[in-house]
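Please read this report with the model open beside you, and look up each residue as it is named. The sections take up ring pairs, charged pairs and nonpolar cores in turn.

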Amino acid sequence: MNVLSLFDGISCARLALEKVGISIEKYYSSEICESAIKISNDNFKGIVRLGDIKNWREWDLEWRDIDLIVAGSPCQGFSRAGKELNFKDERSGLFFIFIDVLNHAKKHKPKIKFLLENVKMRKEYEDVITEFLGVPPILIDGKKGFLQARPRLYWFNFKKKSEYVGDFKNISCILDVDNDSKIHKTSDNKRVVGITEDKRGFRPHRGDDRKTGIGELGRILKHDAAYTDTITTTHAPKILVRASENDICYRVATISECERLSGLPSGYTKSVSVRQALKAIGNGWHVGVVAKIFEGLNT
């Protein structure tokens, strides 16, 4: 399969395709973030770098040979966490360039497959995208088997399932071994400190429950096997180690735990700093979710 990945990030799409056994002949990537490109190059060889999507008309590729176009166009304009400028936001307005690329590819291959991902947004914005693509989106939250309360919309034109469920049974699936023994709770019973010798592990973290969101259970990974609701952000999520009425003890997730939480192999982001890695993971796709979607390409 020949793949064109727009806003490619750290090439989660390629990882997801390989996860479901789809052989890739050529993988074309359009990405401008240097740290994301560094992570991608550290894990894959032979990716054809195309540069900025704004220059797509200058790309030298055989359009008739492209089998699949994937894109995670910037979401900041649609996110309820932002100003919701929708298509007026320059970043989210890049969606229309994606449409130009897709329509150009369709001229050479009318039945080309595509996948577009974006955040859950107002219905009026969602309907605009749906009108352009001609297919309704599927909302996948990630709570069922992916350990993420991270709702995302996926528009694609190949076989769909009635439900998308991941393989994670509980939080122990992503935890590093023996890190919990390195947790220290201070005497005031409100501040906790995580200590590790691994510079790419969890960082020292202090703060009371109000400032750190210890009460926001959606941001805490719990050891309870029945509890799998969590969230990935550009900051490392917290892992609850112990909790009772008078005792709260947690630590910040390690980079490897954040990687596994998003379906990435441990060490996938090792070529960049912790800060760059967390940002890249937060901006990337959940590999497990997208792999489940890509299973539809095999049928």
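What follows describes side-chain arrangements, after a short note on how to read the values.

## How to read the values

This is a predicted model, in which local features need pLDDT of at least 70 and side-chain atom pairs count only at pLDDT 80 or more, while totals for chains, interfaces and linings use all residues. Residues are numbered from 1 along each chain as its sequence is written, and side-chain values use heavy atoms, with hydrogens and water left out.

## Aromatic pairs

A pair of aromatic rings is described by the distance of the centres and the angle of the planes. Rings of Phe, Tyr and Trp (its six-membered ring) pair if their centres lie within 6.5 Å, and planes under 30 degrees apart count as stacked, over 60 as edge-to-face and the rest as tilted. The structure holds 8 aromatic pairs, and one of them joins W56 and W63 edge-to-face, at 6.1 Å centre to centre with 85° between the planes.

Helices (H or I, at least four residues) and strands (E, at least two) are DSSP runs, numbered from the N terminus. F95 is buried, with a relative accessible area of 0%, whereas F132 counts as partly exposed at 44%. One aromatic cluster is formed by F95, F96, F98 and F132.

## Salt bridges

Side chains of opposite charge can pair when their charged atoms come close. With a salt bridge taken as a side-chain nitrogen of Lys or Arg within 4 Å of a carboxyl oxygen of Asp or Glu, the count comes to 10 salt bridges. In one of these, K123 pairs with D127, the closest N and O atoms being 2.6 Å apart. K123 and D127 are 4 residues apart in helix α4, which means that about one helical turn separates them. K123 counts as exposed at 52% relative accessibility, and D127 as partly exposed at 35%.

D167 forms a salt bridge with K292, where the closest N and O atoms are 3.5 Å apart. This pair links distant parts of the chain, with D167 in the loop between β7 (152-156) and β8 (183-185) and K292 in helix α8 (residues 287-294), 125 residues apart. D167 is exposed at 54% relative accessibility, but K292 is buried at 16%. A network of salt bridges links K161, D167, K292 and E295.

## Nonpolar cores

In soluble globular proteins, nonpolar side chains tend to be buried together. A nonpolar core is a set of buried Ala, Val, Leu, Ile, Met, Phe, Trp, Tyr and Cys residues joined through side-chain atoms within 4.5 Å. The largest nonpolar core has 44 residues, of which L115, I293 and F294 touch the most other members. Helix α8 gives the most to this core, with 6 residues.

Leaving aside neighbours within four places in sequence, L115 is in contact (heavy atoms within 4.5 Å) with residues including I69, Y154, W285, I293 and F294. A second, separate core of 31 residues includes L4, L6, L50 and I53.

Note on methods: Buried < 20%, exposed > 50% of the residue type's maximum accessible area, 1.4 Å probe, protein only.
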